[in-house]
Amino acid sequence: MTPEIGQPLSGRYAVPDVPAYLDACDTVELKAVLTEAEGRAAARSLGFDLADASTRQVYYLDTPALALEAAGVIVRIRRTGDAGADTTVRIRPADPAALDPELRRRKGFNVELDMASHGFVCSASLKTRLAGATVAAAVSGRTPPGGLFTPRQRRLFQAYAPCGVSLDGLSLFGPVRVRRLAGTARGWQQPLALQLWEFPAEPVLELSSKVAASDAATAVARWPTFLDLHRVIPRLFRHTKSQTALRVSAPRPAYG
């Protein structure tokens, strides 16, 4: 299963309309997704060398039938060797007005607008950092995966997961190898990130920039000009990165 790559967008990249609830968000992430060949050409124009990229292993938890995905719940485990790791519970799409106010105030809780070629999608996530060795024990099946998540992450999960679905009863998908670079480039003042997702049949490269919601209006308006400067023409993809990872991996019990 590939990300089902569509044709490049015809003409100049059009800026989608910004949702009215922008003020309820913390950040906006601008994105352009390319094939590997197109992404490597874009990286050269931007002054990035993928040979210098750090490598991550990305796993997802779901049921074999992808019940969490159907409910809009994404559970991710990410490792960068033994140097560090993190876990994330994300709700996508999310309604900012419906989020738990107590969770909303917590450190690490983020409400974000993702801007892609087809428009904006709002998500809410809670991330925690962990030791790489702790995650290694969980993804190898030696310890239950639920122990990787904080009480507040479990609370967010339980509020949106289908009835009867628990973290320790989920299947593990992955890993997908991801090579990542961060830096700056000509024509753009905000930090940039390049991620090469090495899906088996068709790797994809994502160029992104995360900005504060207060800076979003200016950044959104300038993003197409920046892409034009470096001859970056985003493509339409049927599936997101997490959806693709769930489809290219065979599920296996996360514990036991």
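Q: Which residues does Phe 226 touch, not counting residues up to four places away in sequence?
A: This is a predicted model, in which local features need pLDDT of at least 70, side-chain atom pairs count only at pLDDT 80 or more, and totals for chains, interfaces and linings use all residues. Residues are numbered from 1 along each chain as its sequence is written, and side-chain values use heavy atoms, with hydrogens and water left out. Contact means heavy atoms within 4.5 Å. By that rule, Phe 226 touches Leu 46, Ala 185, Arg 186, Gly 187, Trp 188, Leu 192 and Leu 207.

Q: Why is helix α4 described as largely enclosed by the rest of the structure?
A: Helices (H or I, at least four residues) and strands (E, at least two) are DSSP runs, numbered from the N terminus. In α4 (residues 132-139), the buried residues are Gly 132, Val 135, Ala 136, Ala 137, Ala 138 and Val 139. The helix is largely enclosed because the buried residues number 6 of the 8.

Q: Which elements do the buried residues of α4 pack against?
A: Two of the partners are β8 (171-185) and β12 (252-253). The others are β3, β4, β5 (84-91) and β7.

Q: Which residues is Leu 130 in contact with, leaving aside its neighbours within four places in sequence?
A: Leu 130 lies in strand β7, which covers residues 119-130. Tyr 59 is 71 residues from Leu 130 in sequence and 14 Å from it in space, C-alpha to C-alpha. The contacts of Leu 130 are Gly 84, Ala 85, Asp 86, Thr 87, Val 135 and Leu 148.

Q: What does Leu 130 count as at 22% relative accessibility?
A: Buried means under 20% relative accessible area, exposed over 50%, and partly exposed in between (1.4 Å probe, protein chains only). Leu 130 has 22% relative accessibility, so it counts as partly exposed.
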